[in-house]
Structure formats: C-alpha cells, structure tokens
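Dear colleague,

Please find the structure below.

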Amino acid sequence: MQEVTAPPRTAPKPKPEKYKSSSELKKRLWRNKLLYVMLIPGVLYFIVFKYLPMYGLIISFQDYKPYQGITGSEWVGMKHFSRLFTEPDFLNILSNTLILFGMNILIYFPIPIILALMLNELRGNFFKRFFQTLVYLPHFMSWVIVVSISFVMVTMDGGIINELLAYFGFAKVNFLLSPGWFRPMYILQVIWREAGWGTIIYLASIAAIDPGLYEASRMDGAGRLRQVWHITLPAIRGVIITLFILKIGSVLDLGFEHVYLLLNSMNREVAEIIDTYVYTAGLRQGQFSYSTAIGFFKSVVGLIMVMTVNKISKKIGEEGVY
Amino acid sequence: MTKKSFTLLLSSLLTLSMLSACGGNNNKEAAKDPGASAGTNTAAATDAAAEPEKPTEIKIMLPLNTTDTPPDTIKNEVEKLTNTKLTYQFFPADTYEEKLNSSFATGSLPQVTYLKNQTTFLQMKEAIKDGQFWEIGPLLSEFPNLNKLKPEILNNTKVDGKLYTLYIGRPLARQGIIYRKDWADKLGLKAPANTDELFAMAKAFTEQDPDGNGKKDTIGVVDRNELVYGAFKTVSSWFGTPNNWAEKDGQLAPEFTFPQYIDTMDFFKKLREGGYMNQDFAATSKTDAVNMFTSGKAGLYIGGSMQDIDSLNKDLIKNVPDAVLDTHSMVAGPDGKFAQWMIPGYNNVVLFPKSAVKDEAELKKILKFFDAMMTPEVANLMYWGIEGTHYTVVDGKAKATDNKELIEREVKGFKDSVIGEYETNGMYQSLNVLPGRIHAEELVLENVKYGVADPTAALDSATYTSKGVELQQIIADATYKYMYGQIDKAGFEKEVENWKSRGGAKIIEEYNAAYKK
C-alpha cells in the first residue's frame, strides 16, 4: 500500500525543496531541536577524546622531549618507525601477535555462537537464566585473578593439576614456564573468561527471530538441529559478520594485561607481543615517541584490516559495518 | 564508518589520550584539598597579624605502598610544624612508573616529585641532563639540616657531577637469609657458614622431613621471578660475583662476564634439579613466594631485606604457632671469603621539576620544608606517627604500637617519604623484640664491612639510560634459561654477545669512558 502512494508523493518534491531549501532546513532543525541537543554530548566526546588526541601522533615523527613540548621537539622523520621495523625481535613479536590473534579468531570466535545456540535450546526459564548468569560471571573477574587462579592450579609445587598427573602416574608438566603451553593456556583463559559474555548479543538477536518460522518448520517435520541450521543461524548471520569485522579491527590489539601476566623469561620467545613490547620499551623507559610510533602502526594495520574485510563482506552480499 | 575507523585508530593509539585522562586525577585531589584543610587556613589567618609569613603551598607526588590513601592525621600535624599547606598525591607503587612517565610527558609533575627507586632514577637521568629539574647542590649549604646528608650517598645520586635530588636513606646491605631455626635445630644444622652448607641445608630441609609430619612436603629455598631483589644476586655476591660491574683486565665489565656468575647459575640449577627449591620460581610472584614461606612449606627465604623477618614471622606463626625464625648473612664463597652486595645507600630520591617550581625563591621555600623534615621532631612524626597513638618511646627507641593496621593506614604512606636516615635526621631507631630481628640489625652493620659497591652507581651511560632495561632483559632471560637447563654455557655466552651487539658494547664503552674521568 505504501509503495503505491509513495512515488507520487516523492516525485514532485525535489522542486520545492531546492526552491526554499534553507527555510525548510531551518524548520526541520527547529522541529527536531531536542534530538540535536542530545547529539551534543556524543559529538563532544568524540572530538575531545578521539579526534583531539590525534594531534599527539605528531610526536612519533619527533624526538619528543616533554619539557620542550610538541612545538619545541626536534623532527626526526621516520626514525622511530624504521627502528621498529629493524628491531631484531620485530618479526618474532609480530608473528607472536598474529598467531595469538589467529587463535582468537579460529578457536575463540565460534565458541560464543555455539554457546548461545546451546543456551537457546535450554527449556525452562529458570535453568536458562541460571546457566546464562553462570557463564557471564567470569567476565567480571580481572585478568590478575584469572591468571592467579590458573597459577595455583597448574604450579609444579602442589598445583592440583600436577598432583593429579602425578597421582595417575604421569610426569609433572611445567605449564607456567614451557613455551609450548603458553598459547593453549592463553586461549583457554580467554575462553573461560569471555565466552559467556560474548553470547549476549547473539542471544539477543536469536530472541528477535519470528517464532512463526520455527512453528512452520516443525510442521514440515524439521528436528532441533535442522531448525538451528536453517533458521537460527541464517537469522543471526548479519550479527556474526558484524562482530567478526569488528574483531578483525583489533588485530594487533590483544589486550596487554593478560599476556603480560603470563609472560616470563622462559616463554618470552612465544609470549612477547606488540603490547608488552610497547610497555617495556615505551612506558617503562619513557620513550614516548617510539611507543607512539608503534601505536600508530598498530592502528593503521587495524584500519586496513577492517576496510578490507568490510569490502569483502559487501562483495559476497552481506551488509558490512558501514 | 569513517568515525568508526578513526575511533579504532585513536583508541589504541596514544599513550597521550591515556595521559590526559590520568592527569585529571590530580585536579580532583587538589580540588578536594582546600576544603579539607580549611581549618589550617583560618588558623593561619588569625596568626597573620602576628606572623606575616603565609604557609608555603607544596604539591607532592609519591608512591604508595599500601592499598588506601592515608587520612590527613599526620599531614595536618606536619603542616602545623612546618608552616606549610601540603597536597599529597599518592599513587600505587605497582604502577608508579607509568604514572611518573605519563605525568612527565604531559608536563604535569608537581613541585615535589618522588621517584620510585634507583631504576626510575636512572631513567630520569636523561631528562635531568636536559635541564628539566632544578639543581639543588649549591643551595644545600644554606640549610643546616639538609647539609647533614651523607656526602658519599649524595655523591651516588649526582648526575654529571651535579646534585639534583634529596635521597631517602636505607642501610647499605640488608640482604641475607631468613630461615626456619626450629627446623635447623631439629635436624642438628647450624646457620650455613659457606655456600656448600647452604646447599646442604636446602637439601636437608627438603628430604629429612623437618616439620615431622611423615610426608615429603617441604622444600628448601623459596625464590621468585626477580634476579636482583630475589635470591640470585645475594647468593651471587657470596660466590664473589661483582656488584653489577667490576674491573677486569683494567676495564669495567658487567657482572655476567665473570666466572662467578656462572657458578651462581650452576648453584641454582642444582638446587632446582634436586627439587630443593620451588620449581616455578621463574614465574612466581613475591606474594606467592612469601605465602609459600609463611604457610610453613619452605625453610629458607633468601633475598630482599633481613628486616622483613618481622612481617614474615607475624604471618608464619598464624599457620605454624611454634615456628622460630632467624636471620643469617655471613656465608663464605668457595674461596672462603665473605662478600655482600650493597645498594648505593638510598632507595628513592626526590626531584623538583622546573615546570612546576617557577623560580629559585620558590625552590628555597620548598627546600625549607625538607630542611624542617630533617629535624627529629618532624622526622619522627612522619616516620613513626604521633607519640602515644602510633608509638611509644622505650629506652630512647621507638616502639611501634601493636595495632599494625593503624600504622599501615595512617603512617606508612608518609614513612616512605622521610629524607635521610636516623643518623642524619635524628629520628628514633626502632625497638626490636623479635630475636631474629635484633640479629638482623647486627648483621646489617656487619655486612657493610664486607660490602661490595657498584662502581657505576655514580657513572653515566646514555645507552644504558635509553636501552638498559630492554637489554637487561636479554641477560635475565638467558640466566633463567641456563638455570632451567635450556641453554648451556656456550648458549649463555652467545646471549652475552647478543647483548653486546645490541648496545651492550656501547654501554661498556661509555661506562669506561666515564670511569676514567
């Protein structure tokens, strides 16, 4: 019905709008004035906390001295960037970062989806709520606590896991210090802490699916699994892709705290990532220009990744995030 | 989406944005204060007629070693005694380095800036040379009390031969062993006279069931992921390893190029392989190490200060009521000689940023406050608290109240900021009751006789200042890998070469150039 009435209404419009556009605009602005007022805090937030600090990027091309400030510091061009790329450990650090990121995408990313599908299949509101809360909880623990708990569990000196191994006649394993165990420990901790929290958005979008679709499919004789495959998953496909693109954007940004807590002299070769490197080289030694350059590099890589993935997702007919 | 990508770009970006956010804290702190000390203001106003001098306003930033910011109890008293209006900005010691660097980067350091320790001081050296802090050396003679500070320690804190800082004094050599005397007595062991006996003690504590429960559930040494303030450096000095640097063939060379360093690594390797120390020490935090000791699981706590015996004892007897602790430090090396590494006599220093202190007149006013802090009256107040509330005087010594929580809450924050030491500021020494602690105090004095100083303490190396911490990581990693048997001597030497090629050679060169001067 709308489609029938719409064309004639929009067709003659362009002319008058061009004709008296400024007064029309004013009128519209005035009519929605409250909405524009509500916009102000948001815009201010982005200007103050996101756009203005960009000015600070300048120092990655300088030898920044706090006392002399940005205007007084010496310009050195790409010095700090070339130092980063020629650092002997750079390739190692970059590949460590990428491997952990890859594990995040391949192993962690699907888990909240599966968990959400499973939670959705739970019948009975009480159980559903109960389990939902249970899997959310770890998210509220800090990494320090998560890492300490696992330290206590896997330490060689009386940790429960090693005691069990010994009890069943296996050799004890030095989980904390062997480079081979760093990545599994890392990803298990990520899953334990974040998987439940990650289900929130999926559950919300599953809740929005028209129940009629399920009814219809049941009529046609579809079982539970078929329903998940043909109705639930396609319905949340858009959400999955959006979250995936956002995740890609944080490619070099794994979160410093977690890795730093797991890092020690014995597993550094696999555990040092860009974030922890920035911490030791930049903040702890006060090399502001250098750490800014690394931050700049990270952001540019993130930006390129998001744009690429977004383009791909549009090519294959999905919406993308912009 | 442009907005989104920029957000990504920026959010991960800059230390800067983080910095400005942190900077906000200061203002809050400062804004809160005028109200809090309004009392002192009015008091000062009534005095104004008789005494025209207004209280000096001073902002002080310092690390906090407790969980909560102390109340104003002590501060108010100090303000009265020194005619000042103080604003303390406490920041947790754990993250103090970041706070310091970020405040510095944004030019928001207050008039009085405490650093965190010697390492942060080394890192500030470049900025100090840049002229960003006031030189105070020439002014010191104007202040009778500050002038008492020990010249040899002041000398250790000089930068390019000039003095910029006041120091917080610490005994030169507090390192040693804290051990379970009850276990040793039971097994018929004496305090270890040399490194072999130390090893034997760790072995006996592990294998001979010293807690008598019939189970093999004890270990000898408990250590943590720290090569300097953990067990390693203390034991290495007993083996005769130099304190960071020493002369070798007429040139200064770093400690890890000396054979004694390798010997020490072998010692720990053997301890670990035998199961006589905690297997995860390379990943054990201080808290976990202390817990292991105070739960009665381990017999030897090496490294750190022997004066820690008080707090270790307090927690240990909660778990093992009949445990007895003692301290020990005279452990001879394989050549039969005693040696103890020494710190440069301070554990922290204070700087006065030019960005906050406008002129020399203002600097002098601030120094006047510190001069007053070095009188017994103020030093006692800040170090011990209020007499009768936080401590009592017994035999001319201060006896802290049994209410440790009260001291922790109200005094500890200020205690760590007192300039000088009791010899120079005249404050009370502590009255000790625990026999192990009394023994520790004797040993601290004894240690100095065999003390080995770090020859580079007063020297400068630009490369060390800018890359030292990063490079030291190479050596620390290699040391742990050697102790865990992952690399051998050749592998360790390869890492030393790696250290040299990435800037270490330059550090050696620069220190030697400065040494010859």
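**Contacts between the two chains**

Between chain B and chain A, five salt bridges are counted. Please bear in mind that the model is predicted. In one salt bridge, the side chain of Lys481(B) meets that of Glu269(A), with 3.4 Å from N to O. There are also eleven residue pairs in polar contact between chain B and chain A, both residues being at pLDDT 80 or more.

Which helices of chain B each supply at least two residues of the side that touches chain A? They are helix 1 (2-11), helix 2 (15-36), helix 5 (96-105), helix 12 (286-294) and helix 20 (462-483). Helix 20 of chain B gives the largest share of that side, namely eleven residues. By residue class, the side of chain B that touches chain A comprises 19 nonpolar, 19 polar and 14 charged residues.

As for the extent of the interface, 52 residues of chain B are in contact with 49 residues of chain A. The size of an interface is often given as the accessible area lost when the parts come together. For chain B and chain A, the area buried between them is about 4700 Å², and 62% of it lies on carbon and sulfur atoms.

**A pair of strands in chain B**

Strand 1 of chain B (residues 56-64) is largely enclosed by the rest of the structure, because seven of its nine residues are buried. Strand 1 runs parallel to strand 2 (residues 84-92) of chain B, and nine bridges join the two. Opposite Ile60(B) stands Tyr88(B), in strand 2 of chain B.

With kind regards

Note on methods
Residues numbered from 1 in each chain as written. Chains lettered and ligands numbered in written order. Predicted model: local features only at pLDDT ≥ 70, side-chain atom pairs only at ≥ 80, totals over all residues. Heavy atoms only, no water. Contact = heavy atoms within 4.5 Å. Buried area = accessible area lost by both parts, 1.4 Å probe. Salt bridge = Lys/Arg side-chain N within 4 Å of Asp/Glu carboxyl O. Polar contact = N/O pair within 3.5 Å; in protein donor to acceptor, adjacent residues only side chain to side chain. Helix = DSSP H or I, 4+ residues; strand = E, 2+ residues; numbered from the N terminus. Nonpolar A, V, L, I, M, F, W, Y, C, P; charged D, E, K, R; others polar. Buried < 20%, exposed > 50% of the residue type's maximum accessible area, 1.4 Å probe, protein only. Pairing = 2+ DSSP bridges.
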